[in-house]
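Here is my note on the model you sent. Please keep the structure open as you read.

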Amino acid sequence: MKLTFIGGGTMAEALVRRLIKGGVVEPHQVKIVDTSDVRRELLQREYGVETFCDSTICVEGAEIVVLAVKPQDIEKVASQVGPLREEQVLLSILAGVKLDKLSGYFGHKAIIRAMPNTPAQVGQGMTVWTATAEVSQKRIEQARTVLAALGEELYVPDEKYVDMATALSGSGPAYVFLFVEALIDGAVNIGMPRAMAERLAVQTVLGSTEYLRESGKHPAELRNMVTSPGGTTAAALHELEKGSLRTLIAEAVSAAYAKTRIL
Ligand SMILES: NC(=O)c1ccc[n+]([C@@H]2O[C@H](COP(=O)([O-])OP(=O)(O)OC[C@H]3O[C@@H](n4cnc5c(N)ncnc54)[C@H](OP(=O)(O)O)[C@@H]3O)[C@@H](O)[C@H]2O)c1
């Protein structure tokens, strides 16, 4: 599979690293365009891929052109790339940029829009994606292979779910990091050494989510199992409910969704 990346930043690098290390593509099948000399040198050295500073030359042979620049650079990039061939697919990972906008900028119809998240850096990402009707089945399967390199992938037939996913899996790692930070600070507040609190908090979140997934049970069932009448967990949960944690999280997800719809 021949891939060209427009933008060789953090997310593109995660994809390239995992695709090459996982043997999905060979380094010679990957071209990366980036305006930064430092990035080009690093990507070439680390992964043995060809890098360019000009988009026009290197999209020609690509089956999939992965758009991985910041959303504010899209207009400039679109003017540099020029027209894509009908069978080529533009795969955008730009947060909040809709299919019709991408199609307008690039004058192209075969487009995939994906929303990855940062755990992709360690192959534990969650990517939600959709495609226009003009993307062939062959390219859909190729895109699935590319996105699966980042962790889990989920194709959705309606773009509105990509926007919704932005508010859950896209922004979600930040919610989890905040929760972990709060756990650590809470433990430090009762006298636990910080390093110990960090280790316990991270493993607790990791272990709980893994247990949740493997058990197949509803989270409320697992929560009830560790909540003895009049016990320590019940006392803690009472405080969390008093502080409206559930409503707060629901409002946070709604705020992120509202933002993504006006981007
Ligand atoms: N990071 C994430 O976890 C994450 C998650 C979901 C979605 N996304 C989306 O992924 C996209 C990329 O994010 P990122 O964190 O990888 O960004 P990034 O690290 O800033 O990478 C973008 C790269 O593109 C280069 N660039 C700028 N203009 C260019 C041009 N005209 N032609 C070629 N290269 C150009 C930049 O170079 P300069 O530095 O010289 O400008 C930079 O190296 C964003 O749109 C973001 O919304 C990211």
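The points below go from the whole chain down to single residues.

1. **What kind of model.** This is a predicted model. Please keep that in mind throughout.

2. **Overall make-up.** The protein chain has 12 helices and eight strands. Its C-alpha trace spans about 70 × 40 × 30 Å along the principal axes. Of the 263 residues in the chain, 30% are buried. Look also at the contacts with a separation of 6 or more. Residues 24 or more positions apart account for 62% of them.

3. **Two domains.** Where is the chain divided? Domain 1 covers residues 3-159, and domain 2 covers residues 172-262. Their C-alpha centres lie 34 Å apart.

4. **The ligand shell.** Which residues come nearest to the ligand? They are Gly7, Gly9, Met11, Ser36 and Ala95, out of 28 residues around the ligand. By class, 12 residues of the shell are nonpolar, 11 are polar and five are charged. Helices matter here too. Both α1 (10-21) and α4 (74-81) supply at least two residues of the shell.

5. **The largest nonpolar core.** Nonpolar side chains tend to be buried together in soluble globular proteins. In this model, the largest nonpolar core has 53 residues. Ile6, Leu15, Val66, Leu67 and Leu91 have the most contacts inside the core. The largest share of this core comes from α1, with six residues. **Val66 up close.** Take Val66 as an example from the core. Set aside its neighbours within four places in sequence. Val66 is then in contact with Leu3, Phe5, Ile6, Ala12, Leu15 and Leu91. Ile6, Leu15 and Leu91 are also among the residues with the most contacts inside the core.

6. **Helix α8.** Check the length of this helix. α8 runs over residues 172-189 and has 18 residues. At 1.5 Å a residue, it should span 26 Å. Its end C-alpha atoms are 26 Å apart, which agrees. Just after α8, Gly191 takes a positive phi of about 110°.

7. **Helix α9.** The check can be repeated here. α9 (residues 194-215) has 22 residues. From first C-alpha to last it reaches 31 Å, close to the 32 Å expected at 1.5 Å a residue. Is α9 largely buried or in the open? The number of buried residues in α9 is two of 22, so the helix lies largely in the open. Gly216 follows α9, and its phi is positive, near 70°.

8. **Lys217.** Lys217 is found in the loop between α9 and α10 (219-225). It counts as partly exposed, because it has 13 C-beta neighbours inside 10 Å.

9. **Gln29.** Gln29 is found in the loop between α1 and β2 (30-33). How many other C-beta atoms lie within 10 Å of Gln29? There are 18, so Gln29 is partly exposed. A residue needs 20 or more to be buried. Leaving aside neighbours within four places in sequence, Gln29 is in contact with Met1, Lys2 and Leu3. Gln29 and Val89 are 60 residues apart in sequence, and their C-alpha atoms are 16 Å apart.

10. **Ala236.** Ala236 lies in helix α11. With 12 other C-beta atoms within 10 Å, Ala236 is exposed. The cut-off explains this, because a residue with 12 or fewer counts as exposed. The C-alpha atoms of Ala236 and Leu150 are separated by 36 Å, and the two residues are 86 apart along the chain.

11. **Ser244.** Most residues other than glycine have a negative phi. What is the phi of Ser244? It is near 60°, a positive value in a residue other than glycine. Ser244 is found in the loop between α11 (232-242) and α12 (245-262). Ser244 is exposed, with 11 other C-beta atoms within 10 Å. Please look at this loop in the structure.

Definitions and conventions. Residues are numbered from 1 along each chain as its sequence is written. This is a predicted model: local features need pLDDT of at least 70, side-chain atom pairs count only at pLDDT 80 or more; totals for chains, interfaces and linings use all residues. A residue is near a molecule or strand if its C-beta atom, placed from the backbone, lies within 6 Å of it. Helices (H or I, at least four residues) and strands (E, at least two) are DSSP runs, numbered from the N terminus. Ala, Val, Leu, Ile, Met, Phe, Trp, Tyr, Cys and Pro count as nonpolar, Asp, Glu, Lys and Arg as charged, and the others, Gly among them, as polar. Domain bounds come from an automatic or database domain assignment. A nonpolar core is a set of buried Ala, Val, Leu, Ile, Met, Phe, Trp, Tyr and Cys residues joined through C-beta atoms within 7 Å. Two residues are in contact if their C-beta atoms, placed from the backbone, lie within 7 Å. The expected span of a helix is 1.5 Å times one less than its number of residues.
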